[in-house]
Amino acid sequence: MLKSLFTQLRCSACGKIFPAHAPQTVCAACGKALLAEYDLDRAKRQLSREQFSKREGTLWRYRELLPVVDDSMIRSLGEGWSPLLTAGKLGEELGLKSLYVKEEGYNPTLSFKARGISVAVSKALELGIREIAMPSAGNAGGALAAYAARAGLKAHVFVPRDTPVVNIREIKFYGAEVYLVEGDISDCAKAMNKSEQRHSWFDMSTMKEPYRLEGKKTMGFELAEQFGWELPDVIIYPTGGGTGLIGMWKAFHELEQLGWITGKRPRMVAVQAEGCAPIVRAFKMRKKESDFWEGARTVAFGLRVPKAFADHLILQALYDSCGCAIGVSDENLLQELPRVGSLEGILLCPEGAAAVAALRQLVHERFIAPADRVVVYNTGSGYKYTELIVPEAGNEG
Ligand SMILES: Cc1ncc(COP(=O)(O)O)c(C=O)c1O
Ligand SMILES: [Zn+2]
């Protein structure tokens with residue numbers, strides 16, 4: 001059986017149900033994020049976790065648990081099934097026995113954003129949507145441009161004016177419209193909503209559309225499968241909009257419902273930059289939602305999100321998992337780039353480097369113990385940030 005078992009959407013806050021066959025954005029009753037649901041009882045009867053090992057090396061291996069109904073609508077560039085790399089030398093340096101890097105830089109357009117966008121664009125195509133718009137810190141925009149090209153859809157991407165030049169060029173390269181906006185991603189969202197053309201566009205902002213989350217949840221499925229249907233003790237994830245973290249948490253819930261994983265779930269760690277840390281601030285105050293972070297600044301552009309739309313779901317996952325939120329300085333994250341490069345042969349993106357800096361801090365603070373099995377997400381490839389690839393002084397040549 002290779003058919004989607006997608007049934008309906010349910011509001012993450014008020015529980016209202018929405019039908020799956022029409023385009024949906026946020027809850028019409030309360031304005032919060034909608035979550036996709038599947039017939040998991042049927043999946044339990046008809047599927048076994050062992051079946052997956054024989055399937056294709058993309059996220060579409062989890063076909064039944066994804067929302068696209070018609071196979072012919074799938075637009076894939078080979079996203080997902082990224083390597084789970086051991087990081088033995090870095091682990092040794094930190095006194096950890098089992099440290100892994102989930103290397104998302106291997107995805108099409110070189111970041112994990114390809115996962116969410118592949119699923120959301122395929123679903124948009126299935127629902128008859130022709131034109132899509134979104135605000136982006138850069139990587140999501142690049143992914144949207146590529147998948148929209150593949151699907152024959154028109155895309156409009158609003159990015160901050162100081163977005164790395166590679167991101168801006170790739171969006172144009174794939175034929176999408178780029179709009180440069182003064183400020184950060186929240187200013188981009190405002191500019192997009194003010195545009196006169198906005199009524200003809202479908203808004204694919206993360207978590208304001210239900211299916212990017214479904215693509216990103218496959219990071220959770222993969223982790224379970226790559227660990228032989230077990231989960232690690234700690235997951236360290238660089239968090240902007242938080243869709244990856246919320247998605248993994250949803251994936252673990254679905255896997256539990258299916259009876260494919262048992263035991264304790266991992267402690268989830270949301271990593272932010274000190275210059276933009278609304279989730280860290282809210283977590284410290286044990287709040288359910290975050291407040292807008294004024295004057296957001298960091299070299300990790302993907303983390304420059306002053307207020308995540310689904311912050312209540314990020315914080316819920318942190319509390320429920322006995323995890324935490326932690327901020328790191330740009331200085332500390334930049335130090336991790338050459339260190340991890342020379343130790344492990346991995347070129348981190350700044351957001352992934354933030355996760356490693358957080359790991360170092362958490363080991364120091366003993367939130368992480370030597371025997372813990374830890375996974376750090378490198379959410380994108382450092383090759384997109386050439387300005388950060390600097391040789392040590394005196395070594396150029
Ligand atoms: C490389 C990278 N890592 C992490 C993030 C943050 O992702 P999320 O919105 O899932 O929290 C982004 C978002 O732009 C990004 O580009
Ligand atoms: Zn609602």
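Which side chain has an N or O atom 2.9 Å from an oxygen atom of ligand 1? In this predicted model, that side chain belongs to Tyr237. The pair is a polar contact (N or O atoms within 3.5 Å). The side chain of Asn139 also places an N or O atom 2.9 Å from an oxygen atom of ligand 1, and a polar backbone atom of Gly242 lies 2.6 Å from a ligand oxygen. Taken alone, ligand 1 exposes 400 Å², of which the protein buries 96% (Shrake-Rupley method, 1.4 Å probe).

Ligand 1 is surrounded by 17 residues, with Lys113, Tyr237, Gly240, Gly242 and Thr379 the closest (a heavy atom within 4 Å). This shell consists of five nonpolar, nine polar and three charged residues, Gly being counted as polar. Strand E10 (234–238) and helix H8 (243–258) each provide at least two of the shell residues; helices (at least four residues) and strands (at least two) are DSSP runs.

The count of salt bridges comes to 27, each being a side-chain nitrogen of Lys or Arg within 4 Å of a carboxyl oxygen of Asp or Glu. In the one between Arg10 and Glu37, the closest N and O atoms are 2.5 Å apart. Arg10 belongs to strand E1 (residues 6–11) and Glu37 to strand E3 (residues 34–38), so the pair ties together parts 27 residues apart in sequence.

Residues are numbered from 1 along each chain, and ligands from 1 in the order in which they are written. Local features need pLDDT of at least 70, side-chain atom pairs count only at pLDDT 80 or more, and side-chain values use heavy atoms.

Definitions and conventions
A polar contact is a pair of N or O atoms within 3.5 Å; within protein, one must be able to donate a hydrogen and the other to accept it, and residues adjacent in sequence count only if both atoms are side-chain atoms.
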